[in-house]
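Subject: Structure handover

Hello,

Here is the structure I promised to pass on to you. Please open it alongside this note and have a look around before reading further.

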Amino acid sequence: MRNELIQQPPSSSGVRAASLVQAPRLARQRSVRAVLTTLGLTLGLSACTNLLNAEPPVIRRYTLLATPTAEASQAGGSMADTSIMVHVGSVGLSLNTDRILARDELTIAPISDLRWVEAAPAMLEKSLTDFLQQSGQFRYVTHHRGGPKTDRILTVDLRDLYVISENKQAKAVKLGLAARLSPASVERKARAAPGDEMSVVLFERVDIDRSGGKSIDEAIAQAFSTAAQRVFSKLLTAMQAE
């Protein structure tokens, strides 16, 4: 009996001892988990706050700026009494957007922080209309449908308006148009002489020049405007020859 009393307590006390050891350990583990959970929530909320407070990227917008040369404005033509409506017809691959696009041999991709002032076809209509109106060679030039009655329609297909990329570097820009000048109405078309309809395809590639400390964005915008100046001037010359 004495032996039984001696043997039983170690077994019972052993269980109690194990319980006493495990309880503080579990408490510490729960405490660590709580701290880590709180820390994770804090970091998550901090990241969300930083995203909400982050400033959006600055978008720079450009347009095609072109002005007739003095020689082009002074040149005489047979269309001084002619009214023109400019209309962009078909648009090349991916160009019906306000994104300024870069193109290499394999891909076409937008330049992240550069935009046109509006979608390229609408911008082209307005820029070309202003150029022709400023030339003084026509009675008036418009791009609005339903406006004053016009004598001729200048339909322009936009073929190219890209930054040319080589080895992942912006090297040049390219502007390409196909233009058709035709009588505005069926009656006028029926009375038109063979030479009354003009068709011309014009392309210009202009290297990007960063001289004078210009940023790459400014250099790209200037190159596009130079290309527009040349293409529009050639188009005006073709129209004056009518």
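Below is what turned up in it, from the overall fold to single residues.

A word on conventions: residues are numbered from 1 along each chain as its sequence is written. This is a predicted model, in which local features need pLDDT of at least 70, side-chain atom pairs count only at pLDDT 80 or more, and totals for chains, interfaces and linings use all residues, while side-chain values use heavy atoms, with hydrogens and water left out.

**The chain as a whole**

The protein chain contains 5 helices and 8 strands; these are DSSP runs numbered from the N terminus, with helices (H or I) of at least four residues and strands (E) of at least two. Along the sequence, their order is α-β-α-β-β-β-α-β-β-β-α-β-α. Of the 242 residues, 36% are buried (buried is under 20% relative accessible area, exposed is over 50%, and partly exposed is in between, with a 1.4 Å probe and protein chains only). The chain exposes about 14700 Å², and carbon and sulfur atoms supply 55% of that area (Shrake-Rupley method with a 1.4 Å probe; for residues, only the protein chains shown count as cover).

**A buried serine**

Ser127 sits in helix H3, which covers residues 120–135. With a relative accessible area of 9%, Ser127 is buried. Beyond its neighbours within four places in sequence, Ser127 touches Thr63, Leu64 and Phe232. Its side chain also reaches the backbone oxygen of Leu64 at 3.1 Å.

**Two positive phi angles in one loop**

The loop between strand E6 (152–166) and strand E7 (169–183) holds Asn167, and Lys168 lies in the loop between E6 and E7 as well. Neither is a glycine, yet Asn167 has a positive phi of about 55° and Lys168 one of about 65°. Are these residues buried or exposed? Asn167 is exposed, at 75% relative accessible area, and Lys168 is exposed too, at 80%.

**Salt bridges**

The structure holds 9 salt bridges, each being a side-chain nitrogen of Lys or Arg within 4 Å of a carboxyl oxygen of Asp or Glu.

One of them joins Asp98 and Arg61, at 3.1 Å from N to O. This pair links distant parts of the chain, 37 residues apart: Asp98 is in the loop between strand E2 (83–91) and strand E3 (99–103), and Arg61 is in strand E1 (residues 60–62). Both ends are partly exposed, Asp98 at 21% and Arg61 at 44%.

Glu118 and Lys126 form another, at 3.2 Å from N to O. Glu118 is partly exposed at 24%, and Lys126 is partly exposed at 36%.

Arg139 and Asp151 also meet in a salt bridge, at 3.3 Å from N to O. The two are 12 residues apart, with Arg139 in the loop between H3 and strand E5 (140–142) and Asp151 in the loop between E5 and E6. Arg139 is partly exposed at 44% relative accessibility, whereas Asp151 is buried at 14%. Finally, salt bridges with shared partners tie Arg60, Asp113 and Asp217 into one network.

Methods
Polar contact = N/O pair within 3.5 Å; in protein donor to acceptor, adjacent residues only side chain to side chain. Contact = heavy atoms within 4.5 Å.
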